[in-house]
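Please read the numbered points alongside the sequence and the coordinates.

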Amino acid sequence: MFLLYLLFWIWLISYFAVIVFIVKLISKKQGTFLPNLAPSENLLFSVVIAARNEAEDLHLLLDDLVNQILPTQNWEIILVDDHSEDSTTSIAESYHPLLPISVIRLVGSSSGKKAAIAQGISKARGKWIVSTDADCRLGTNWLANFKQHVEKDKCFWISAPVFISRKSDNLFHSFQQIDFIPVMAFTEAFFKLKMPIMSNAANIAYEKSLFKQGKSEMGSQLASGDDIFLMYKAWQKQRDALLFSDNPESVVYAKPVNTWKELLNQRIRWAGKWRAIPNAPVQKLAIYVFVSNLIACICLIFGFVAFSLPAIVFFAIKMVLEMWLILKYANKYKQAVSRLSLLISTIIYPFFAVFIGLYATFMPSYNWKNREYKNRL
């Protein structure tokens, strides 16, 4: 028993050190937003959006683009319709009077987000590609923030925060919001270490030339993941040329899913990307997170079954550390988090993480956008 508790203490101390280190990194002073709205000499940004059956939400994204403070002389939109079966295309085309938008349809056997993005970039006239998803929401300074980085920083890749929007006090939506905050915190922290481990295609910008140079067979059989694979290729090229925009003006909000089935399919898809990257820090972090949550589950179960107060205390300390990290990061970007949902979510999360890790490892396929995809390379 003594040895078991000793191992728990060693794990807890290491976990404490990791969380403190991440909080220290994300607490560094963020950049000041000083927009320069003067038109560029050449078209600067091509906003490429892949869309499939997004009639319900697309108009919200396009309205946000209409409201951008950056003049339209600096950017264009290329929306690629991936065989939608609803009014996605007609909605996009209705914005022609308001936006510099081109609508392209994938034809023939081409399908999927990767094909849509590639076709959109082939038509892009801007020097920089900006990527977001068709069901996201943006602030009015979103593009102006990217312009500031392009003009002031020597970079060819910019990642920025993505948060899950909380539609209501629905616990399931709140859980998704809270669950994703540490992901973004670790993303930002590792960018600041010049060791990026992930990047979300809902909020990135990169030089168009990088897309052609960076294309490879890495993860080519996966349905998505070009964001991470391209970022990894960029990192191999020049580590100091990748940055994270830590300004609240750069935030993008993603839509939560509505069912556990959708959430499981989403997480399987994300897990597949991590396994495909031949990067030791990424693999080690994934294993560390899985093992930490497995130990937490053991602590809580053992604590109640064996009436072990120390085991319950170990679990409680882990909860407090995670809540501290989540609240620090949420406050940095002015995200409202329900305290009750936070408490419940931090109890649920270790079991959810362990289940997802095992589920993603052994499930041969998943469903995305009403299509079946393999979960193996």
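**Note on the predicted model**

1. K334 is found in the loop between α11 (309-332) and α12 (339-362); helices (H or I, at least four residues) and strands (E, at least two) are DSSP runs, numbered from the N terminus. K334 is not a glycine, yet its phi is positive, at about 60°. With a relative accessible area of 69%, K334 is exposed; buried means under 20% relative accessible area, exposed over 50%, and partly exposed in between (1.4 Å probe, protein chains only).

2. This is a predicted model, in which local features need pLDDT of at least 70 and side-chain atom pairs count only at pLDDT 80 or more, while totals for chains, interfaces and linings use all residues. Residues are numbered from 1 along each chain as its sequence is written, and side-chain values use heavy atoms, with hydrogens and water left out.

3. The chain contains twelve helices and twelve strands. Of its 377 residues, 53% are buried. Among contacts between residues at least 6 apart in sequence, 82% join residues at least 24 apart, where contact means heavy atoms within 4.5 Å.

4. What is the order of the strands in the open sheet of seven? The order is β3-β2-β1-β4-β8-β6-β9, and the pairing is mixed; two strands pair if DSSP finds at least two bridges between them. Because β3 and β9 (242-244) stand at the edges with a single partner strand each, one side of each is left without a neighbour in the sheet. From one strand to the next, the twist averages 20°. In general, strands of a sheet pair through backbone hydrogen bonds, either parallel or antiparallel.

5. Strands β2 (residues 75-81) and β3 (residues 101-105) run parallel and are joined by five bridges. Within this pair, L79 stands opposite V103 of β3. The chain passes from β2 through helix α3 (residues 88-93) to β3 in a right-handed β-α-β crossover; right-handed means that, with the strands pointing away from the viewer, the path from the first strand over the helix to the second runs clockwise.

6. An antiparallel pairing is formed by β6 (residues 157-159) and β8 (residues 204-207), over three bridges. Here W157 has Y206 in β8 as its bridge partner. Helix α2 (residues 58-66) packs on the sheet and touches β1 (45-51), β2 and β3, its direction making about 170° with that of β2. Axes are lines fitted to C-alpha atoms, for helices over the stretch in contact, and angles run from 0 to 180 degrees between N-to-C directions.

7. Helix α5 (residues 142-152) lies across β1, β2, β4 (128-131), β6, β8 and β9, and runs at about 130° to β1. This helix is mostly covered, with nine of its eleven residues buried. Among the buried residues of α5 are W142, F146, K147 and H149.

8. Does the length of α1 (residues 2-26) agree or disagree with what its residue count predicts? At 1.5 Å a residue, the 25 residues of α1 should span 36 Å, and the end C-alpha atoms are 36 Å apart, which agrees; the expected span is 1.5 Å times one less than the number of residues. Buried residues of α1 include Y5, F8, W11 and Y15.

9. Helix α6 (residues 171-192) packs against α1 at an angle of about 70°, with the axes 9 Å apart. The two helices, α1 and α6, are therefore roughly perpendicular; angles under 35 degrees count as roughly parallel, over 145 as roughly antiparallel, 65 to 115 as roughly perpendicular and the rest as oblique. V18, I22, L25 and I26 of α1 meet A185, F186, E188, A189, F190 and K192 of α6.

10. The axes of α6 and α12 come within 10 Å and cross at roughly 70°, and these helices are therefore also roughly perpendicular to each other. On the α6 side the meeting residues are L171, S174, F175, I178 and D179, and their counterparts in α12 include L342, I348 and F352.

11. Two residues of the loop between α6 and β8 deserve a look. A201 lies in this loop and is buried, with a relative accessible area of 12%. Leaving aside neighbours within four places in sequence, A201 is in contact with K113, S131, T132, D133 and D227. K194 is found in the loop between α6 and β8 and, although not a glycine, has a positive phi of about 65°. At 33% relative accessibility, K194 counts as partly exposed.
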